[in-house]
Amino acid sequence: MTTTSSSPTPSAPRFAAIGMVVADMAAALAFYRRLGLDIPAEADRAPHAEAELPGGLRLMWDSYATARAVDPDWTPPQGGTPTGLAFECADPAGVDAVYADLTAAGYKGEKPPWDAFWGQRYAVVQDPDGHGVDLFAPLP
């Protein structure tokens, strides 16, 4: 005789958000606003901010103080790129234009636009906390 458990099986979790910890909330949010995210101005002074992305995902930012409130032993990652995000541009010229806009605004260009072997125009810019942000568009 086979017995079955009467306890409910938990459903699989749903991927819902990407979280980043940032040193300067206002500086980080200014960068992501330049990439088209709708983030209210009052979020610049908040310890936590969110923006809804296409498809219902959320991008979330927490201040260092918030990270330490959750985990008093938290320290910022050392070396490397702690998080990588990618933004699709309308076309290859859009990659060049967005890269030029961000670097002209003082953000660090990590890799200028190039035609990648996998068939995309690609570039990488760092946000104020050193997170690599890829810009891409399919090549014709």
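1. In which strand does serine 63 lie? Serine 63 belongs to strand E3, residues 58-63; helices (H or I, at least four residues) and strands (E, at least two) are DSSP runs numbered from the N terminus. The model is predicted: local features need pLDDT of at least 70, side-chain atom pairs count only at pLDDT 80 or more, and totals for chains, interfaces and linings use all residues. Residues are numbered from 1 along each chain as its sequence is written, and side-chain values use heavy atoms, with hydrogens and water left out.

2. Serine 63 counts as buried because its relative accessibility is 15% (buried means under 20% relative accessible area, with a 1.4 Å probe and protein chains only). In E3, 5 of the 6 residues are buried. Apart from neighbours within four places in sequence, serine 63 is in contact with Val21, Val22, Met25 and Pro47 (heavy atoms within 4.5 Å).

3. E3 pairs with strand E1 (residues 17-22) in the parallel sense over 6 bridges; strands pair if DSSP finds at least two bridges between them. Serine 63 is the bridge partner of valine 22.

4. With strand E2 (residues 48-52), E3 pairs in the antiparallel sense over 5 bridges, and arginine 58 in E3 stands opposite glutamate 52. The hairpin of E2 and E3 has 5 residues between the strands, and glycine 55 there takes a positive phi near 85 degrees.

5. An open sheet of 4 strands has the order E4-E7-E6-E5, with mixed pairing. Its edge strands are E4 (84-88) and E5 (109-115), each pairing on one side only. E4 and strand E7 (residues 132-138) run parallel, joined by 5 bridges; aspartate 134 in E7 is the bridge partner of alanine 86.

Conventions:
Buried means under 20% relative accessible area, exposed over 50%, partly exposed in between (1.4 Å probe, protein chains only).
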